[in-house]
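Biologist: I am new to this structure. Please walk me through how to read it.

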Amino acid sequence: MPATAATDIALIGAGIMSATLGAILRRLEPDASITVIERSEAAGTESSGAWNNAGTGHAGLCELFYTPQRPDGSIDVAKAVRVNEQFQVTRQFWAYAVQHGMIERPRDFVHPIPHVSFVHGAHGVDYLRRRHDALADHPLFAGAEFITDFAEFAARLPLMAAGRDPAVPVALDWAPHGTDVDFGALAQHLIGYGERNGTTVLFGHQVHTISQAPDGRWELNIGDRRTGQSTRITAKFVFVGAGGATLPLLQRSGIGQAKGFGGFPIGGVFLRSGSPQLTAGHRAKVYGAPAPGAPSTTAPHLDARTVDGAHWLLFGPFAGWSPRFLKDGRRSDLARSVRPGNVTSLLRAGFGERELVGYLIGQLRRTHATRTQELREFVPGALEQDWSAVRAGQRVQVIRGGRLEFDTTIIHADDGSIAGLLGASPGASTAVPAMLDVLRRCFPGRMGDWTPTLREMVPSLGTRLADEPALFEQVWRWGSRVLEL
Ligand SMILES: Cc1cc2nc3c(=O)[nH]c(=O)nc-3n(C[C@H](O)[C@H](O)[C@H](O)COP(=O)(O)OP(=O)(O)OC[C@H]3O[C@@H](n4cnc5c(N)ncnc54)[C@H](O)[C@@H]3O)c2cc1C
C-alpha cells in the first residue's frame, strides 16, 4: 500500500464492535471506502475471542446482577428488561445477516441453550421466587420456569445435582430460549463479508496515533507489525473499536470528550473442561449471585459452550489483575493512560473502591485447588484434574467522575467525525444497538436515507418490543427460524 492512503471510513480493531459497524456500513454505503486496521493477524482474537469471554448472549434472562433487590424487598427488573431489549436488536441483525448471505451458517457462531439462574439456601430461594414473579408477566421473559423440586433439578442439571445434599433448598429459574455465542467467529464472518464486498482489511497493522488535520479529516499513523514499515491513512470518519486500547487512542486523538475518563483493567480466569462425561451432564448456562463486594461481572457461572463444533464447560470468571489494557498489551498501558485530566478521578476511584481492591487481592491468591473448591458450589463432585485454567480477556472498566463503572460508554466528537466504545458489559451481546447508537450520533444527517435499510436489518427499530407484543412475536419467530434456535 502507498505511504499515504485515503479512506472514507477507518475502523480501528476487528473485534465484534468494529466488525458489526463495518458490516452495517457496508450495507448502507456500498460505494464508500472502508478500511479496517487490526494489530493481530485475524479478526476477533482479543476480548471477542471464544475463550476470552463466556459466550453468553446476555438477554437478562439469568444474570441475577441485573435484577437487584430494593430496600423494601421488591425486585428492580429495569436493567434486565433493558438488556433484553438490546439483545433483541442484536438477534434481529444476526437473522438479517444470515438471511442475506452475509454469514452462511448460523451454527458457525450461535447455539441454543437454556439460560438458568441458580440459588441455594432459603434466602436465595425466596429472592429467586420474587425475581421470577416480577418477570413472569413480562412478554420478553415469558416461558421461564421456577423449579424447586430436587428431582426436577437433578433431571435438568445432573452434573450439578450429583453429590449435592438434597436437604439444602435449591431453586432454578429456567429460561429455555437462551444462546451460546462464539463472538470471535462472528467477528471473523462479518469482517470476511466486508472484505468480499470491497472493504480493505489490514491485519498485523497497529494504529499508533490519531490526529485531526485542519480540513477535519483524521490522520492515522500506522505501523506494519511484520515489516516495521510506517504508513498513514486519512479518513473522514474514524471508529475506535480497539477494545481495552480504545481509551489511550481516544486520549491521543485530543478530543475533549475523552478528557476525564480513566480505565481500570480487570482480567479474568476460567476453569475449563472438555471431558465428555462432564459436558454430557450439563447443557445450560447457569448463573449464580456475585460474592459480597465483588463486581457484578464476576458473578459465578457454569456454562456449556460449543466452540468449533466441540462441547466444553466453562466456570468462572475469577478476577485476575494485570496493568495491560489488552490481553496481548503492554505492562505500561495503565501508567500511560494517566493524564492531568483524569488523575484526580483515578485517585478518587482508588480510594472509593477499597472493597473492590480487597476483593481483587483475595482473587489473586486463588490457587487451582481453591478455584476448584468454589466450583464445587456448582459441581459438588468436581475433581481438580478434570479442569484447567484459561486466561480470559481483559476488561478495561471505565472510571468517570471518581467512580468505577461497569457498563459500556460511547464517546464521540461534537462534529461526529470520530467515536469510540469504552467498557465491556453487557458487551458483545449488545454490539448492534451500540453501533446503531454510533450511527445516530455521528451521522444524524444520513439517518433519514438509511432508515429503510436499517428497518430491514432490525424491524423493531425505534420501538420497545415490550410495548409491541405482536411485533415481538413476529421478530422472535423470524430470528428463531433463520438462526435455527
Ligand atoms: C472475562 C470476560 C467475559 C465476558 N463475557 C461476555 C459474555 O458472556 N457475553 C458478552 O456479550 N460479552 C462478554 N464479555 C465482553 C465482550 O467480550 C466484549 O465486550 C467485546 O468482545 C468487546 O469487543 P470489542 O470489539 O470492543 O473489543 P475486542 O474484541 O477486544 O477487539 C478490539 C480489537 O482491536 C485491536 N486493537 C487494539 N488496539 C489496536 C491498535 N492500536 N491498532 C489496531 N488494532 C488494535 C485488538 O487487537 C482487537 O482485535 C466478556 C468479557 C470478558 C473479559
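**Reading the model**

Modeller: A search of the whole structure finds one cavity of 30 Å³ or more. On a 1 Å grid over the protein atoms alone, a cavity is a set of points where a 1.4 Å probe fits but cannot get out. Note that this is a predicted model, where local features need pLDDT of at least 70, side-chain atom pairs need 80 or more, and totals for chains, interfaces and linings use all residues. Residues are numbered from 1 along each chain as its sequence is written, and side-chain values use heavy atoms, without hydrogens and water.

Biologist: What is the volume of the largest cavity?

Modeller: A volume is the space filled by probe spheres set on the points, which are joined across faces, edges and corners. Here it is about 60 Å³.

Biologist: Which residues line the largest cavity?

Modeller: Lining residues have an atom within 4 Å of a point. There are 13, and Gly22, Val36, Ile191, Gly194 and Thr199 lie nearest the centre. Helices (H or I, at least four residues) and strands (E, at least two) are DSSP runs, numbered from the N terminus. H1, E2 and helix H6 (183–196) each supply at least two lining residues.

Biologist: Which strands does E1 pair with?

Modeller: Two strands pair if DSSP finds at least two bridges between them. Strand E1 (residues 4–12) pairs with strand E9 (residues 230–240) in the parallel sense, over eight bridges. E1 also pairs in the parallel sense with strand E2 (residues 34–38), over four bridges. From E1 the chain crosses through helix H1 (residues 16–28) to E2, a right-handed β-α-β crossover. Right-handed means that, with the strands pointing away from the viewer, the path from the first strand over the helix to the second runs clockwise.

Biologist: How many residues surround the ligand?

Modeller: A residue counts if one of its heavy atoms lies within 4 Å. The ligand has 36 around it, the closest being Glu38, Ser48, Thr56, Val207 and Ser429. For polar contacts, look for N or O atoms within 3.5 Å. A ligand nitrogen is 3.0 Å from a polar backbone atom of Val207. A ligand oxygen is 3.1 Å from a polar backbone atom of Ser47.

Biologist: What joins Gly316 and Pro317?

Modeller: Most residues other than glycine have a negative phi, and most peptide bonds are trans. Gly316 and Pro317 are joined by a cis peptide bond, with omega about 0°. Pro317 is in strand E13 (residues 310–320). Asp308 has a positive phi, near 50°, and is found in the loop between strand E12 (301–307) and E13.

Terms used:
1 Å grid on protein atoms, 1.4 Å probe; cavity = no way out; pocket = protein on both sides within 12 Å on 5 of 7 lines; lining within 4 Å. Polar contact = N/O pair within 3.5 Å; in protein donor to acceptor, adjacent residues only side chain to side chain.
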